[in-house]
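Hi everyone, thanks for coming. Let me put today's structure on the screen, and then we'll walk through it together.

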Amino acid sequence: MSPGKVLQPAVKMKVDELFLCWLSQPATQLTLKDCLRRIKNEEKTEIGTADSGNSKNERFANNSNCKQCILGDTRLPFSPPKLSTTLPLATPSTSRNISNVRATRRSSGAKVVQTKKEETLPPSHSQNIPTFYFPRGCPKEKVNIDAVIAKIERTFSEFPNERATLEDMGKVAKACECPLYWKGPLFYCAGGERTGYVSVHKFVAMWRKILQTCYDDAAKFVHLLMNPGCNYLVQEDFIPFLQDVVNSHPGLSFLKEASEFHSRYITTVIQRIFYTVNRSWSGKITCNELRKSNFLQNVALLEEEADINQLTEYFSYEHFYVIYCKFWELDTDHDLYIDRKDLARHNDHAISTRMIERIFSGAVTRGRKAQKDGKISYADFVWFLISEEDKKTPTSIEYWFRCMDLDGDGALSMYELEYFYEEQCQKLDNMAIEPLPFEDCLCQMLDLVKPQHEGKITLHDLKRCKLTNVFFDTFFNIEKYLDHEQKDQFSMLRDGEGESQEVSDWERYAAEEYDILVAEEAASDQWNDGYEAELNPVDHQKTSVLKYQMEKRPFFEMPSHLADVDLDEYDYEEDFE
């Protein structure tokens with residue numbers, strides 16, 4: 001953002017949001033129904049008619065009086081002053097007449113204004129509108145805070161000196177009626193990180209304040225993790241919480257001996273959280289976004305599910321393994337950054353060069369270092385890989401829409417589609433495959449998407465389409481485009497409708513790739529057993545290099561923020577339905 005540019009609050013968006021919240025309240029619906037009933041029964045129309053009739057009579061009388069006054073003023077004697085070379089100081093008759101005219105006009109104007117003030121206004125009913133906007137959750141009627149505090153105090157009495165360590169916070173979390181893995185945020189919010197323990201007095205004071213100001217789980221979780229003075233969560237806020245999950249979850253116990261991979265796993269989970277939850281692409285997760293997502297439900301499942309890989313939406317280690325191995329193959333110098341040439345090698349050069357240029361142009365990444373050096377980080381690669389393998393989710397559709405929208409006008413024109421299709425035709429020619437003319441391809445895509453406005457495809461059009469993966473692959477992924485061409489479009493549509501919603505394209509891809517990676521490693525281990533003496537030094541050297549590269553990087557490097565990305569120009573109507 002330029003130094004002289006000032007951010008302006010989106011007042012209209014906030015007013016619309018508040019109005020929709022008010023309109024959706026049950027009390028509001030009852031009030032509106034009552035008003036409609038009264039209007040149908042004409043209970044208020046008669047009163048309004050009488051008032052309007054009286055006001056009309058008063059206006060007519062006042063207007064007639066005003067006309068008479070004005071006509072009378074025009075008949076007043078008026079003597080123009082004699083012309084002279086010098087300006088006269090005053091003419092008694094002239095000044096008197098002019099003053100009379102002005103006085104008459106002022107009095108007539110005053111009468112008109114007075115008449116308007118006397119008009120009766122309908123009574124205001126704003127005092128009857130109940131509170132409908134609760135940014136920190138709707139207050140619950142029956143919450144016995146003292147009983148909750150007493151239960152917490154009894155739990156603390158079991159600890160030495162009524163002080164709880166991080167290992168003890170599981171019992172405290174249960175006393176607070178919170179999921180088990182809230183124990184880390186509870187511990188750190190009460191100041192346990194500084195002293196290594198939490199006293200009962202500090203914790204009770206902290207939790208009482210939260211109970212009095214936060215009324216649902218989303219508001220409480222944001223309050224526990226956020227920085228002082230904020231009402232949102234940024235990526236760094238999740239690090240202590242996820243580090244506690246890594247240290248204490250039984251499904252990640254094998255990572256205790258490989259601490260150098262903790263930061264990579266944490267980075268992956270954080271990116272997946274923001275990929276799914278931060279629908280505004282602001283880089284800041286609000287209570288409302290957290291409330292609309294299923295993240296807190298997945299946090300609660302951490303306690304019930306011992307196999308971390310069953311939590312495929314955020315915490316799966318297998319998914320992290322696939323993402324990191326794919327990145328490691330491209331990152332030849334292992335500095336945790338890849339350039340255009342590195343990314344072009346993904347999936348055997350399947351992604352077009354023009355699309356790779358768009359990815360590195362800043363359309364979906366906003367890291368200053370990435371823009372300066374022409375590279376993207378591992379965190380940006382997480383977004384790329386998930387979007388590439390599952391083009392049906394809202395975030396992935398927005399991701400590729402941004403890349404294809406060359407002029408940023410919020411719509412894909414026929415010129416922009418042709419721009420990306422040209423390179424596809426060149427690749428097909430090199431493969432000795434006759435490409436489909438652009439006009440014919442365009443007709444197919446328009447029939448597929450069915451845009452609401454002729455000559456352009458909007459984000460809303462693509463989100464309504466059930467085969468967005470076919471649309472995007474046609475323009476920048478040659479391998480998947482050829483796969484789609486081998487299938488019947490109607491059969492793909494039936495398969496898409498018949499597939500279980502529980503298994504996404506990304507989950508299917510991650511499971512297949514993980515099996516391939518495990519099989520390759522098993523084969524490599526079997527081969528190494530026969531030549532252990534010869535390959536041990538090389539294997540040791542690779543391990544040493546990998547460990548050195550991990551240790552020389554900081555624990556958590558802040559990935560490219562998406563806070564500067566402005567999505568206000570795009571259509572997100574369906575997200576608020």
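How many salt bridges does the count come to? For this predicted model, the count comes to 20 salt bridges. Let's visit a few.

Start with Asp244 and Lys183, whose side chains meet in a salt bridge with an N to O distance of 2.9 Å. Asp244 sits in helix α11 and Lys183 in helix α7, so this pair ties together parts that are 61 residues apart in sequence. Both Asp244 and Lys183 are buried.

Next, Glu357 pairs with Arg340, and their closest N and O atoms are 3.2 Å apart. Here the pair links helix α17, which holds Glu357, to helix α16, which holds Arg340, parts that are 17 residues apart in sequence. Glu357 is partly exposed, at 38% relative accessible area, and Arg340 is partly exposed too, at 30%.

Asp461 is buried, with 0% relative accessible area, whereas Arg464 is partly exposed at 39%.

There is also a network of salt bridges, linking Glu388, Glu389, Lys391, Asp473 and Lys480.

Now to the interior. The largest nonpolar core has 127 residues, and Phe315 is one of those that touch the most other members. Leaving aside residues up to four places away in sequence, the contacts of Phe315 include Leu242, Tyr265 and Phe295.

Last, look at helix α20: 10 of its 11 residues are buried, so the helix is largely enclosed by the rest of the structure. Among those buried residues are Trp400, Phe401 and Arg402.

Conventions. Residues are numbered from 1 along each chain as its sequence is written. This is a predicted model: local features need pLDDT of at least 70, side-chain atom pairs count only at pLDDT 80 or more; totals for chains, interfaces and linings use all residues. Side-chain values use heavy atoms; hydrogens and water are left out. Buried means under 20% relative accessible area, exposed over 50%, partly exposed in between (1.4 Å probe, protein chains only). Helices (H or I, at least four residues) and strands (E, at least two) are DSSP runs, numbered from the N terminus. A nonpolar core is a set of buried Ala, Val, Leu, Ile, Met, Phe, Trp, Tyr and Cys residues joined through side-chain atoms within 4.5 Å. Contact means heavy atoms within 4.5 Å. A salt bridge is a side-chain nitrogen of Lys or Arg within 4 Å of a carboxyl oxygen of Asp or Glu.
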